[in-house]
Amino acid sequence: ASARVRVIILGSISALGSLATHMVVPVLPIIAERFGVSGASAQLVLTAYLIALAIGQIVSGPAIDRLGQRRMIVAGGTIFAIGSLLCWTVSGLALLVAARAVQALGAACGLVAARAIVGSAQGKGAAREMALLSAIVMLSPIFAPMLGSAVSMALGWHAIFGLLTLVSIAATFGAARWIFPPGPSRPASLGPMISGWGRVIADRCFQRHLAISSMMSGGLYAFLASAPFFLTHQFGFSQGALGVIFGTVACGAGCGALLASVLASRLGAGGLIRLGSVVAF
């Protein structure tokens, strides 16, 4: 496949995880009303997805080394499609939460495998592909809430998962047809891998950076999970307006990432962390 087709396919697979996260946010109040549950219960649709996405990325790395990048990216897309199809057809909140966890595991496989494929390429084209891949992933949260609102208003909230099913099937077919990375690498043994994780976790610098990034992400997702309810119930915003609001928030995150890339050489990593923390505060 040409470099452009390759990046589009890998970018689509990488963006699935973000699309599945942010397209659902504006319809959380509708899900709560549909199943007759509290807002806190409906938020499990987002929480379960994020937890499974995190666990899936940890597991995907060693699995890619053993099975190969192409197999994992196809397997991830297939699992995501199955999870999306289940989300589309379930009739209870507990089943929806479980299906969202399946969906997230597939998204994690595709996300890690796509970056591994681009990262293993050589030459100047590899850097260009990585930049384009990052741009696709960064732009997807901006449009996802508005797309989720539009699809829900036109076809109902279940249709969001129908759309995700179709996108994942198309991206998986494209990966199976046109993506041919190297085969499996030599798998690392489990003991040294766990020992390496322990050394990283014990590092004081890593702990500080982990605390900062965790609080930043935690604050963002606490807002995303709760805002649909108070914006709807207390301020009377429509579902379409919610999509625009959350798209604006995601746009701020994307603009911040672009600004950081411009200021990185001038401020360095430490300066960027201090600036970002002050601006967030």
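## V45 and its contacts

V45 touches V24, L28, I31, L93, L96, V97 and R100, leaving out residues up to four places away in sequence. The model shown here is predicted.

In soluble globular proteins, nonpolar side chains tend to be buried together.

## How α5 packs on α8

Two packed helices are described by the angle between their axes and the distance between the axes. For α5 and α8, the angle is about 160 degrees and the axes are 8 Å apart. Angles over 145 degrees count as roughly antiparallel, so α5 and α8 are roughly antiparallel to each other. Their crossing is left-handed.

From α5, the contact includes R70, I73, V74, G77 and T78. From α8, it includes H158, F161, L164, T172 and A175. The residues of this contact divide into 12 nonpolar, 8 polar and 2 charged.

## A closer look at T172

T172 sits in helix α8. Is T172 buried or exposed? T172 counts as buried because its relative accessibility is 11%, and the cut-off for buried is under 20%. Beyond its neighbours within four places in sequence, T172 is in contact with V74, G77 and T78.

Notes: Residues numbered from 1 in each chain as written. Predicted model: local features only at pLDDT ≥ 70, side-chain atom pairs only at ≥ 80, totals over all residues. Heavy atoms only, no water. Contact = heavy atoms within 4.5 Å. Helix = DSSP H or I, 4+ residues; strand = E, 2+ residues; numbered from the N terminus. Buried < 20%, exposed > 50% of the residue type's maximum accessible area, 1.4 Å probe, protein only. Axes fitted to C-alpha atoms, helices over the stretch in contact; angles between N-to-C directions. Parallel < 35°, antiparallel > 145°, perpendicular 65-115°, else oblique. Left-handed = near helix turned anticlockwise from the far one by under 90°. Nonpolar A, V, L, I, M, F, W, Y, C, P; charged D, E, K, R; others polar.
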